Amino acid sequence: MHLYNYDPAPNPQRLVYFMKLKGLELPTTQIDLGALEQLKPEYQAINASGTVPCLVIDSGEQLTEVIAICQYLELLHPDTPLMGATALEKAQVLEWDHKIFTTLLSAVADMLRNGNPAFEGRALPGPLNLAQIPALVERGQVRIQHCWDVLNTALEGKDFLVGNSVTLADIDLYVAMNFAGWVRERVPETASNLLAFRDRVKALLD
Ligand SMILES: N[C@@H](CCC(=O)N[C@@H](CS)C(=O)NCC(=O)O)C(=O)O
């Protein structure tokens, strides 16, 4: 197995933390997104979508979505389950993973990629050279504020999003909260459950 990743970027970070909690290490090549190595033909021959992470398994097949890579590693290494223990917990981890990806993480990405000149002509990851849409910056801000409310309520009386121990859902939320800092969107002081959650998960992950 070989992993292509870029540890500082948010989606790769979800996987880095997942593997850290599992105690897993894989041979890894860093694809430097800052140097646009993901756009080079050498990497596109490995992963045509030009995104990281990408896990190439021994058969030569690839997995290019964090959720699929985590699921694969969870099944191969079921000790220290990070994707739920019961049928309901497993479904809840997927539910939160999808929700966080499509709401908070996507809103932060919209703000970053549509507002920062570094992403001109590359407003979405991948091979399409799409123009920025400045209105998505303001929309992203509104979406993020809404997410803080929803997540703060979801964490009322709970240490973790699902069950009684840390899961991929918590990793996703922690990474997305830090990613929001990239666009200077801070969790409001009133969102006390969310702030306590961040400290709790940070102590486990960092
Ligand atoms: N669907 C992918 C998303 C991966 C993704 O968007 N990765 C970003 C880094 S956070 C990327 O590769 N960006 C490349 C680019 O901006 O060209 C997943 O969940 O793994």
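**Close-up views of a predicted model**

**View 1. Helix H4 and the lining of the largest pocket.** In the largest pocket, the greatest contribution to the lining comes from H4, which supplies ten residues. The model shown here and in the views that follow is a predicted one. The pocket has a volume of about 1,100 Å³, and the elements that give two or more residues to its lining are helix H1 (10-22), H3, H4 and helix H6 (168-182). In total, 41 residues line the largest pocket, and those that lie nearest its centre are Asn 11, Thr 51, Val 52, Arg 113 and Pro 125. Sorted by class, the lining of the largest pocket consists of 24 nonpolar, eleven polar and six charged residues.

**View 2. The largest pocket and the two domains.** Residues of domain 1 (2-76) and residues of domain 2 (87-205) both take part in the lining of the largest pocket, and therefore this pocket lies between the two domains.

**View 3. The second largest pocket.** The second largest pocket holds about 170 Å³ of space, and its lining is made up of Gln 71, Glu 74, Leu 75, Pro 78, Pro 81, Met 83, Gly 84, Lys 90 and Leu 94. Both H3 and H4 supply at least two residues each to this lining, and H3 gives the most, with three residues. By class, five of the lining residues of the second largest pocket are nonpolar, two are polar and two are charged.

View 4. The peptide bond that runs from Val 52 to Pro 53 is cis, and its omega is near 5 degrees. Pro 53 belongs to the loop between helix H2 (41-44) and strand S3 (54-56), while Val 52 is also one of the residues that lie nearest the centre of the largest pocket.

**View 5. Leu 36, a residue with a positive phi.** Although Leu 36 is not a glycine, it has a positive phi of about 60 degrees. Leu 36 is placed in the loop between strand S2 (28-30) and H2.

**View 6. Thr 80, in the loop between H3 and H4.** Thr 80 is a residue other than glycine, yet its phi is positive, near 50 degrees. The loop that holds Thr 80 runs between helix H3 (66-76) and helix H4 (87-115). The relative accessible area of Thr 80 is 43%, and so this residue is partly exposed.

Note on methods
Residues numbered from 1 in each chain as written. Predicted model: local features only at pLDDT ≥ 70, side-chain atom pairs only at ≥ 80, totals over all residues. Heavy atoms only, no water. Helix = DSSP H or I, 4+ residues; strand = E, 2+ residues; numbered from the N terminus. Buried < 20%, exposed > 50% of the residue type's maximum accessible area, 1.4 Å probe, protein only. 1 Å grid on protein atoms, 1.4 Å probe; cavity = no way out; pocket = protein on both sides within 12 Å on 5 of 7 lines; lining within 4 Å. Points joined across faces, edges and corners; volume = space filled by probe spheres on them. Nonpolar A, V, L, I, M, F, W, Y, C, P; charged D, E, K, R; others polar. Domains from an automatic or database assignment.
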